[in-house]
Amino acid sequence: MGPAQQPSYPDQVAVEAAVARLRTQPPLVFAGECDELKAKIGAVARGEAFLLQGGDCAETFAGVTADNVRNKLRVILQMAVVLTYAASVPVVKLGRLAGQYAKPRSSDFETRDGITLPAYRGDAVNGYEFSEDSRRHDPQRLVDVYNASAATLNLVRAFVTGGYADLRQVHAWNTDFVRESTAGQRYEEMANDIARALTFMKAIGADPDEFHRVDFHSSHEALVLEYEHAMTRIDSRTQLPYDVSGHFVWIGERTRQLDGAHVEMLRHIQNPIGVKLGPTTSADDALALAGRLNPDNEPGRLTFITRFGAARIRDGLPQLIEKVTAAGVEVAWVCDPMHGNTFEASSGYKTRRFDDVIDEVQGFFDVHRSLGTWPGGIHVELTGDDVTECVGGGELLDEAGLADRYESVCDPRLNRVQSLELAFLVAKMLRQA
Ligand SMILES: O=C[C@H](O)[C@H](O)COP(=O)(O)O
Ligand SMILES: C=C(OP(=O)(O)O)C(=O)O
Ligand SMILES: [Mn+2]
């Protein structure tokens with residue numbers, strides 16, 4: 001059997017041309033930046049920091065606009081401020097962006113009104129539009145992924161170093177519709193406190209550079225092997241291979257086979273990496289993955305992103321953590337409270353209940369607390385816009401409301417208010433941890 005979840009390209013010559021083009025492109029990230037992130041995730045593994053990883057389920061080429069990128073960054077910055085301030089824990093900020101264009105699917109095909117076509121596998125592979133032409137797998141899209149990622153990352157770098165992410169802007173991030181929400185008002189009060197503290201620090205002569213810029217890194221699922229291979233380069237400092245398409249890459253629930261091509265690829269790169277672990281993962285599976293992917297037990301190298309579902313996390317997670325901890329394995333534990341909680345609404349929309357998301361995070365914190373281990377972070381699908389994709393939350397979105405503004409091309413994301421609500425709830429859990 002070949003590698004799981006790969007495109008099937010009709011024209012091998014076109015694949016080679018795309019790969020050749022990618023190989024000549026400059027890296028999107030530097031190996032040294034990957035090392036810095038690895039050190040930060042090492043702090044997460046030690047219980048000294050908390051990881052906030054968030055962004056779209058699937059980015060789209062059409063979504064590479066200044067507004068869209070800024071809105072996503074802004075909600076992540078707001079969430080990070082809430083977590084840092086309300087829980088007094090350093091937050092490692094990791095975007096699920098600038099490369100998150102390829103999707104694994106449960107089915108290879110999609111049928112609408114009696115017509116069956118290849119499933120949409122992300123803009124990296126084919127088009128969302130339901131036509132034969134658009135759904136054909138096209139390797140030129142891998143070059144488009146590179147360009148879209150470069151544009152996104154360039155803008156993100158400008159925002160985080162150029163003043164937009166300055167902590168003194170903490171009020172300015174709380175704009176638009178979010179301001180009117182309960183979470184937005186709560187944020188406003190917190191921003192007042194922070195602004196006062198900053199004024200005080202300035203008055204006593206302290207105005208550190210750290211307030212002006214933030215550290216922010218990129219991540220995506222390493223799915224299409226042609227792309228990730230073409231973007232893997234030998235670092236001139238260390239002579240070791242890094243996947244320079246993003247700082248952090250992970251493999252998903254559907255591609256984490258121990259003897260599979262994705263594990264093999266991740267094994268060789270020096271980036272910090274993640275593996276999604278679903279409810280069927282045994283403790284021995286987790287140990288075997290750690291042995292294969294992090295044989296030197298390097299802190300920060302490996303993150304386990306658990307996605308059990310709210311109904312299963314309290315029963316399933318303890319044995320995993322117990323055995324991994326007993327074996328002395330260095331790992332950061334992160335909770336993805338999204339992918340185990342997806343269901344189809346009667347209207348046909350894929351959705352998730354905000355309460356299930358919260359319940360899974362609470363279960364994750366409860367399990368870690370009872371075992372004396374560190375709940376290292378959350379991995380969430382979110383957007384900075386006012387979409388209607390997940391039901392519940394303070395604005396009480398119901399299933400009938402999903403149609404109002406459902407924009408995701410794959411999984412339902414938390415909207416900006418729901419994301420901020422999540423941050424306040426997680427900050428409370430962190431305080432208690
Ligand atoms: O994030 C992604 C989805 O969970 C994954 O692509 C599977 O979705 P599907 O079951 O709709 O194919
Ligand atoms: C496909 C995803 O997750 P998982 O591999 O956990 O199903 C995802 O993160 O979008
Ligand atoms: Mn998803």
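1. Strand β5 (residues 217-221) is largely enclosed by the rest of the structure, because five of its five residues are buried. A residue is buried if 20 or more other C-beta atoms lie within 10 Å of its own, exposed if 12 or fewer, and partly exposed in between; the C-beta atoms are placed from the backbone. Strands (E, at least two residues) and helices (H or I, at least four) are DSSP runs, numbered from the N terminus.

2. This is a predicted model: local features need pLDDT of at least 70, side-chain atom pairs count only at pLDDT 80 or more, and totals for chains, interfaces and linings use all residues. Residues are numbered from 1 along each chain as its sequence is written, while chains are lettered from A and ligands numbered from 1 in the order in which they are written.

3. Look at the two faces of β5. His217, Ser219 and Glu221 are buried on one side. Ser218 and His220 are buried on the other.

4. Now its partners. Strand β2 (residues 91-95) runs parallel to β5, joined by two bridges. Gly95 has Ser218 of β5 as its bridge partner. Strand β8 (residues 248-251) also pairs with β5 in the parallel sense, over three bridges. There, Glu221 stands opposite Trp250 of β8. Pairing requires that DSSP finds at least two bridges between the strands.

5. The largest nonpolar core has 112 residues. Such a core is a set of buried Ala, Val, Leu, Ile, Met, Phe, Trp, Tyr and Cys residues joined through C-beta atoms within 7 Å. Leu51, Leu52, Met79, Leu83 and Val156 have the most contacts inside this core. Helix α3 (residues 66-87) gives the most to it, with ten residues.

6. What does Met79 touch, leaving aside neighbours within four places in sequence? It is in contact with Leu52, Ser419, Leu420 and Ala423. Contact means C-beta atoms, placed from the backbone, within 7 Å.

7. Ligand 1 is surrounded by Cys57, Lys103, Pro104, Arg105, Ser106, His339, Cys410 and Asp411. Each has its C-beta atom, placed from the backbone, within 6 Å of the ligand. By class, the shell has three nonpolar, two polar and three charged residues. Here Ala, Val, Leu, Ile, Met, Phe, Trp, Tyr, Cys and Pro count as nonpolar, Asp, Glu, Lys and Arg as charged, and the others, Gly among them, as polar.

8. Finally, the whole chain. Its secondary structure comes to twelve helices and 14 strands. Of its 433 residues, 47% count as buried.

How values were computed:
Contact = placed C-beta atoms within 7 Å.
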